[in-house]
Amino acid sequence: MKAFGCFLLFSLLLSSFSSLSSTAQEIDVQLKFENLRLKRAYKALQAWKNSIFSDPFNMTESWVGPDVCSYYGVFCSPALDDPSLTVVAGIDINHGDIAGHLPPELELLTDIALYNDFEGPLPPELFELELDALFLNNNRFTSTIPETLGKSTVSVAVFANNKFSGCIPKSIGNMANLNEITFSNNSMVGCVPSEIGLLANASVIDLSSNKFTGELPTALGA
């Protein structure tokens with residue numbers, strides 16, 4: 001299946017959102033892949049399939065063999081950084097009522113930039129992926145935002161309209177590429193860390209509709 005851009009649509013009802021210490025998938029040496037990224041995608045998708053314990057509509061039944069672009073719900077497109085390469089750019093198994101875990105091998109899907117319709121806490125490893133944008137808005141994410149936020153390479157990060165709580169991680173000041181970040185409409189609390197003033201390139205910082213207290217860092221008004 002073909003699509004354009006980089007996105008990920010996982011419409012799941014997950015019983016939990018946790019990283020499993022699963023055994024690395026062994027790939028049959030006879031399987032042939034168009035490029036290394038599709039080989040990595042195969043490894044990630046097989047690990048995910050093995051982590052699913054309820055697939056009532058058999059949506060992942062076709063997830064067999066090296067042609068990952070033919071898998072049900074999997075969309076491929078030219079890579080943004082190298083249009084000569086075909087990569088997995090999206091996965092849409094909407095209304096699948098799938099239950100399971102998200103294995104750590106999903107980090108191999110490096111050409112996917114948008115996560116949608118998830119619930120539970122965020123895995124800290126998410127912010128260690130080399131992404132340009134991360135849109136986590138309009139989901140059911142809970143818990144705090146991991147301190148690994150500061151490791152993210154994104155220029156745009158949107159956390160709006162979730163159920164995040166806790167404080168903004170102080171590591172936010174390390175996000176050198178950041179242009180826009182939005183935390184609006186959550187349940188975040190505490191003081192806004194002074195490190196947010198280190199975001200010299202940020203033109204949009206939206207903290208509205210939360211429960212922050214105290215004064216804003218003076219650097220935000222500079």
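Tutor: Cys69 and Cys76 form a disulfide, with their sulfur atoms 2.0 Å apart. The structure is a predicted model, and a search of the whole of it finds one disulfide. The torsion about the S-S bond of Cys69 and Cys76 is about -95°, so the disulfide is left-handed. Cys69 and Cys76 are both buried.

Seen from Cys191, the closest cysteine sulfur is that of Cys167. Cys167 is partly exposed, its relative accessible area being 43%.

The surroundings may be taken next, beginning with the helix. Strand E2 (74–78) is among the elements against which the buried residues of helix H1 pack; the others are strand E1 (52–54), strand E3 (86–91) and strand E4 (99–100). Those buried residues are Leu38, Ala41, Tyr42, Ala44, Leu45, Gln46, Ala47, Trp48 and Ser51. Helix H1 covers residues 36–51, and at 1.5 Å a residue its 16 residues should span 22 Å; the end C-alpha atoms are 23 Å apart, which agrees. At the start of H1, a side-chain oxygen of Asn35 comes to within 3.0 Å of the backbone nitrogen of Arg37.

The aromatic residues form a further topic. Seven aromatic pairs are present in the structure. One of them joins Phe159 and Phe164 edge-to-face, at 5.9 Å centre to centre and 75° between the planes. Phe159 also pairs with Phe183: the ring centres are 5.2 Å apart and the planes at 10°, so this pair is stacked. Phe159 lies in the loop between strand E8 (156–158) and strand E9 (165–166), and Phe183 in the loop between E10 and strand E11 (187–191), so the pair ties together parts that are 24 residues apart in sequence. Phe159 is buried at 1% relative accessibility, while Phe164 and Phe183 are buried at 0%.

Mean pLDDT is 80 for the protein, and 81% of the residues reach 70 or more. Confidence is highest in strand E10 (residues 180–182), at a mean of 96, and lowest in strand E5 (residues 119–120), at 66. Over residues 1–24 pLDDT stays under 50, and the model has 97 contacts beyond four places in sequence for these residues.

Technical notes
Residues are numbered from 1 along each chain as its sequence is written. Side-chain values use heavy atoms; hydrogens and water are left out. Helices (H or I, at least four residues) and strands (E, at least two) are DSSP runs, numbered from the N terminus. The expected span of a helix is 1.5 Å times one less than its number of residues. Buried means under 20% relative accessible area, exposed over 50%, partly exposed in between (1.4 Å probe, protein chains only). Contact means heavy atoms within 4.5 Å. A polar contact is a pair of N or O atoms within 3.5 Å; within protein, one must be able to donate a hydrogen and the other to accept it, and residues adjacent in sequence count only if both atoms are side-chain atoms. pLDDT is the predictor's confidence in each residue, from 0 to 100. A disulfide is a pair of cysteine sulfur atoms within 2.5 Å. Rings of Phe, Tyr and Trp (its six-membered ring) pair if their centres lie within 6.5 Å; planes under 30 degrees apart count as stacked, over 60 as edge-to-face and the rest as tilted.
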